[in-house]
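Biologist: I would like to learn how to read disulfides, sheets and cavities in a model of this kind. Could we go through them in turn?

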Amino acid sequence: MLESQVEARASSSSLDREIEAKLKLLNKPAVKSIKSEDGDIIDCVHIYKQPAFDHPALKNHTIKPIPSFLLDYEPSSVRGTPNASSQVFQLWQKSGSCPKDTVPIRRIQKKDLLRASSLERFGQKPKAYSTNKKNHNFTILGVTDDYVNLQNRSVSHLSTYGFNFIGASANINIWNPKVEKKGEFTTAQIILKASNGDFFESIEAGWMVHPELYGDSNSRLFAAWTRDSYHTTGCFDLTCKGFVHVASSTALGASVGPYSSRFNQQYEINIGIYWDEDGNWWLNIKNGTVIGYWPAELLGNLRHSATVVQWGGQVYSDKVKKAPPHTSTQMGSGDSADGRFGFACYMSNVRIKDYSKFLKYPQFITTHAEEPYCYSNINDAQYGKDPVFYFGGPGRNPPYCP
């Protein structure tokens, strides 16, 4: 008995040391710290002390100037959705602001690491494994990602492919869907992809609910990337070295709102991801905020362009695309797409950018829902109006999605 107690204490002591070392690696010295009402601590870190500069490829990296095409955008020029508000904010902003030459970074706390299924993979997206044959339409483009059937992921999205894309954007309707259990998460996001040998690489952004990562059920602004289908590279937000943050007013991983509600006000956030001629990809929110960029040094073929763009939702769970019971984790608003405006989550003002340098609606599009009775979609293209893409659902809802 005493031997087992000694072993348990030794194991606990070892874990504590691992956690402390991980926290020291993740959290950088703060010039100022802000306590948010939702329990987050936002550290204002000097812009050259942020995690990105721990990456070997960025050792001598100089922060890039914001491209002129982003500086020239006027927030008023972005077309909003009728009867929707773009007056959104992050909760921590009510408690303070970060000074010049610093960037706001959500502090990783010990309780965050204790919730994680793996210290080594903390902040990383689960590895993407294909569970069926390659999709021919993508294979002929050199994109080896089988986007149709990735293990433990259920997607419902609008996609375009067949060209070289150097940007994408949309107004993303903000909701607060429910997540059933630890380890599951749900997103509303834009993804740009390219092939990288046997893997795909991607950059992505939107909002998500991820209780295991963040410790609550809030909808949070996020960004993510990978160079190898999430196997060893990339992560959410700034939980690894890579993404270069430049905005002092907006924090990745922080709560975003207000939330939309049925029969009531709808809220949306315009998110854009744009390539520059040096091969960097910039993340922009159309309230005039350029959050930062994925530097070219991190990327392979994405340095040149993306070959696939997807807009929509994803639910991660080990209870999707399998025998019942299905997860009850919701996507979007939790309502199916046929509810449309005010009920279903939407993306409007869907745009791509190609080498013409103009934002425009994609020429070729397709919709896909892997489990349409669980998470559906409709691309509502009414005559004379800009198409609106609706997506989402409740997950388990017998008899339709048992």
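Predicted model: local features only at pLDDT ≥ 70, side-chain atom pairs only at ≥ 80, totals over all residues.

Biologist: What is a disulfide in general, and how many disulfides does the count come to here?

Modeller: A disulfide is a covalent bond between the sulfur atoms of two cysteines. The count comes to three disulfides, and when the bonded cysteines are numbered in sequence order the pairing reads 1-2, 3-4, 5-6.

Biologist: Which cysteine is in no disulfide?

Modeller: Cysteine 345 is in no disulfide, and the nearest cysteine sulfur, belonging to cysteine 374, is 17 Å away. Cysteine 345 counts as buried because its relative accessibility is 0%, where the limit is under 20%.

Biologist: Which parts of the chain does the link between cysteine 374 and cysteine 401 join?

Modeller: Cysteine 374 and cysteine 401 form a disulfide with sulfur atoms 2.1 Å apart. This pair links distant parts of the chain, with cysteine 374 in the loop between β19 and β20 and cysteine 401 in the segment after β21, 27 residues apart. The torsion about their S-S bond is about 90°, so this disulfide is right-handed.

Biologist: How should I read the sheet that contains β1, β2 and β5, and in what order do its strands lie?

Modeller: Strands of a sheet pair through backbone hydrogen bonds, either parallel or antiparallel. Here three strands form an open sheet in the order β1-β2-β5, with antiparallel pairing; β1 and β5 are the edge strands, each pairing on one side only. From one strand to the next, the twist averages 25°. Four bridges connect β1 with β2, and serine 33 has aspartate 43 in β2 as its bridge partner. A disulfide also joins cysteine 44 to cysteine 98, with cysteine 44 in strand β2 and cysteine 98 in the loop between β4 and β5.

Biologist: Turning to cavities, what volume does the largest cavity have, and which residues lie nearest its centre?

Modeller: The largest cavity has a volume of about 130 Å³, and among its 15 lining residues Val155, His157, Ile191, Gln310 and Gln314 lie nearest the centre. Strand β16 gives the largest share of that lining, five residues, and by class the lining has seven nonpolar, seven polar and one charged residues.

Notes:
Residues numbered from 1 in each chain as written. Heavy atoms only, no water. 1 Å grid on protein atoms, 1.4 Å probe; cavity = no way out; pocket = protein on both sides within 12 Å on 5 of 7 lines; lining within 4 Å. Points joined across faces, edges and corners; volume = space filled by probe spheres on them. Helix = DSSP H or I, 4+ residues; strand = E, 2+ residues; numbered from the N terminus. Nonpolar A, V, L, I, M, F, W, Y, C, P; charged D, E, K, R; others polar. Pairing = 2+ DSSP bridges. Axes fitted to C-alpha atoms, helices over the stretch in contact; angles between N-to-C directions. Disulfide = S-S within 2.5 Å. Buried < 20%, exposed > 50% of the residue type's maximum accessible area, 1.4 Å probe, protein only.
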